[in-house]
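Here are my notes on the model you sent over.

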Amino acid sequence: MSDIRVHAGGLFTTVQDLGRPGHYRIGMPPSGAMDQYSASAANLLVGNEPNTGLLEATYIGPTLEFTDHRLIAVTGATASVTVNGEPVEAWTAVPVGPSDVLGFSMLTAGARLYIAVSGGIDVPVYLGSRSTYTLTGIGGFDGRKLADADRLPLGEAGTRARAGHSVPESLRPEFGTPAELRTIIGLCSYRLTERGLKTFLDTEWKITKDANRVGYRLRGGSLEFTDRAQPFGAGSDPANVVDLGYPVGSIQLPGGDEPIVLLNDAVTGGGYATTGTVISVDRDRIGQAKTGETVRFVETDLDTALTARRERAARIDTIREALTGN
Amino acid sequence: MVTIKAGMPGIFYRRPAPEDEPYVSEGGTIAAGQTIALIEVMKTYNEIRAEADGTIGKFLVEDGDEVEIGQDLAELETA
Amino acid sequence: MDTPTELPPARYEYGGDEFLFVELDQAMSLEANFKGMAVTNALRELDIDGVIDICPSNASYMVRIDPDRLDPRELVEELRGLEASVGELPRDYVLHTRVVDVPVLFDDPWTRETLMRFRDNHQDPSGTDLEYAARINGFDGVGSLIEAISSAPYIVTMLGFVPGLPFCYQLVPKERQIEVPKYVRPRTDTPERSFGFGGAFSVVYPVRGAGGYQLFGMAPAPVFDLDQRLPDFAAGIVFPRAGDVLRYRTIDRAEFDRIRGQVEDGSFRYRIREASFEPARLIADPDAVNRELLEVLYR
């Protein structure tokens, strides 16, 4: 039997890969792992390509029983990881066999655990991806989060990876607070006064309980809009604009005092002014920030964003080379 | 004595709904698996359950408070 | 006919490193939407490596790129070139599109039940959304409002918010546009296939869920079909495309039930005709062009 028995699904555990690009124009967001770096590392550790189906668990890790010999790796948030109650290393390829049970203690840092299994979680590919998009119930395991007693199909494992290999400390992310999110200011930032924009950048924003794969709602400051006669079709509220597209990572400002950072499962457009976009690399970081923690937006430019992206790709290459020895 | 801890961050509630009675009062006896409170996060209300039989001592957070992962919620006197 | 809207120069904005956002105007107009359509159609034809998604919206558009393959700055240069060459909407520019008959049962029992349930979230708790919209738009009653909606077709200006939701703008001059505010506080529930109106846009809700648009009626036919059961969904899970021309046709309960039966047994097909029109002529003489589009549809 080549599957995983889910003893406990955790709080919100879904199958993800690196996402489902190419359907934004019909209003479908990309989904995919919130922390793409940790997800890629986990897959590489067990000999999978980075874009292989794996599990993303928010706040509470699942309890999983294996039915055959596999390599597993846990990355992302920090927690004690156990197999049959015995501690094992995170960020390391760990061998498991039939009846072995993987479990987790409470998270001590970060928000999302990634659990990769050699061969990958082999749910059906939907529109080019195994990622779960729970809002319309597509992809992943039945389009939903895992529940107790689910059985997850596994793919055939390759022979590339070796047990005991690990990602060096220097290549593991750190989750200091406040999380600093580099942001390209723009889009509809003209809706804010100079003072409003300064408040946006100076405020240490607190993550509310409404923070999930769709977006993170923040609180902590009140942003001043410029006075204007609302243009035709925009609606009467000063935070409203003529409905437009929202980039993944963009920050919308309903009401001016509750910015929402839109993330992998977000609505693709709407009528609220947006004031900038968190760069793609720092979406990994916000994906590891928890309700109750704080974030700060740091203004940056396109060059910095592209450099950060190349550096992340280079780190992933380093991990790949270290593991495969070439 | 042990403490029941929050496994997730969010807003802590001692009642199933604002107009209802609390799940359990201080000094009340509970069985393992029994719900003692809710934590609201990610648009869901998650039941917090006791891991053992016993008597609830003091609640260590107020109804409606924000809690973080690992925070002590209530004292539990086990037999 | 009034003078055409003069558009400001387009504004190019980096939405992080993976998106380009291009604002054609802050206000909605047919001119802005047609310009966006012309530029995004031309961009699609260029088939540039690294362009992942081209998303026209109402008075703006967005392009998703893979920055590992395409430098966002190069794409901006490309788009500035397109804006100069096709964005000016030459008089003879022709838009090829589909005209589609979309039946709607106005003042249906299901959206009426929903809107009465959320009366406390509304500007005017005393009436229905149709009564409110008719009054603030100066119609003498609900019947005249419905007549205005069904008399001239709409163009799909954008898909989004949730998968498959078409935003539609009526092909009439600004002074004849119906405009309504969104609910004061959004509803937590909206039936699937509700026909709604917010700002100057009409929508059909693809799935049940939250919503803030005024509720006017219910479409019997889906715009979104995850199982791709109906023939019109063979190519994809979403029926409408940006640029489609939709005519909302008033139907009665008997026709609604008949269409629902066809949807359920899998035989339903939208009435679709290929059509072309010149946006410049439509702006100059909307009634004539709309008449021709409807003739093509019902010929």
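1. First things first: which domains does the domain assignment give for chain A? The assignment lists domain 1 as 3-168 and domain 2 as 179-306. Keep in mind that this is a predicted model. Between the C-alpha centres of domain 1 and domain 2 of chain A there are 30 Å. Domain 1 of chain A puts 27 residues into the contact, and domain 2 of chain A puts in 20 residues.

2. On to how the chains meet. There are 2 pairs of chains that touch, and of these, chains A and C have the most contacts. Chains B and C, on the other hand, do not touch: 13 Å separates their nearest C-alpha atoms.

3. Now a helix pair in chain A. Helix α1 (residues 36-45) of chain A packs against helix α4 (residues 302-324) of chain A at an angle of about 15 degrees, and their axes are 10 Å apart. Angles under 35 degrees count as roughly parallel, so that is the label for α1(A) and α4(A). The crossing of α1(A) past α4(A) is right-handed. On the α1(A) side the contact is made by Gln36(A), Tyr37(A), Ser40(A), Ala41(A), Leu44(A) and Leu45(A). From α4(A) come Arg312(A), Arg315(A), Ile316(A), Ile319(A), Arg320(A) and Leu323(A). Sorted by class, this α1(A)-α4(A) contact has 7 nonpolar, 2 polar and 3 charged residues.

4. Chain C has a helix pair to set beside that one. Helix α4 (residues 129-136) of chain C and helix α5 (residues 142-151) of chain C pack at about 80 degrees, with 8 Å between their axes. The range 65 to 115 degrees counts as roughly perpendicular, and α4(C) and α5(C) are therefore described that way. Here Leu130(C), Glu131(C), Ala133(C) and Ala134(C) of α4(C) meet Val142(C), Leu145(C) and Ile146(C) of α5(C). The class count for α4(C) with α5(C) is 6 nonpolar, no polar and 1 charged residues.

5. Last, the sheet in chain B. Its 4 strands form an open sheet in the order β1-β8-β6-β3, with antiparallel pairing. Which strands stand at the edges? Those are β1 (2-5) and β3 (29-30) of chain B; each has a single partner strand, so one side of each has no neighbour in the sheet. The partner of β1(B) is worth a look: strand β8 (residues 72-77) of chain B runs antiparallel to β1(B), and 4 bridges join the two. If you want a residue pair to click on, Lys5(B) has Asp72(B) in β8(B) as its bridge partner.

Methods. Residues are numbered from 1 along each chain as its sequence is written. Chains are lettered from A and ligands numbered from 1 in the order in which they are written. This is a predicted model: local features need pLDDT of at least 70, side-chain atom pairs count only at pLDDT 80 or more; totals for chains, interfaces and linings use all residues. Side-chain values use heavy atoms; hydrogens and water are left out. Axes are lines fitted to C-alpha atoms, for helices over the stretch in contact, and angles run from 0 to 180 degrees between N-to-C directions. Angles under 35 degrees count as roughly parallel, over 145 as roughly antiparallel, 65 to 115 as roughly perpendicular and the rest as oblique. A crossing is left-handed if the near helix is turned anticlockwise from the far one by less than a right angle, and right-handed if clockwise. Contact means heavy atoms within 4.5 Å. Ala, Val, Leu, Ile, Met, Phe, Trp, Tyr, Cys and Pro count as nonpolar, Asp, Glu, Lys and Arg as charged, and the others, Gly among them, as polar. Two strands pair if DSSP finds at least two bridges between them. Domain bounds come from an automatic or database domain assignment.
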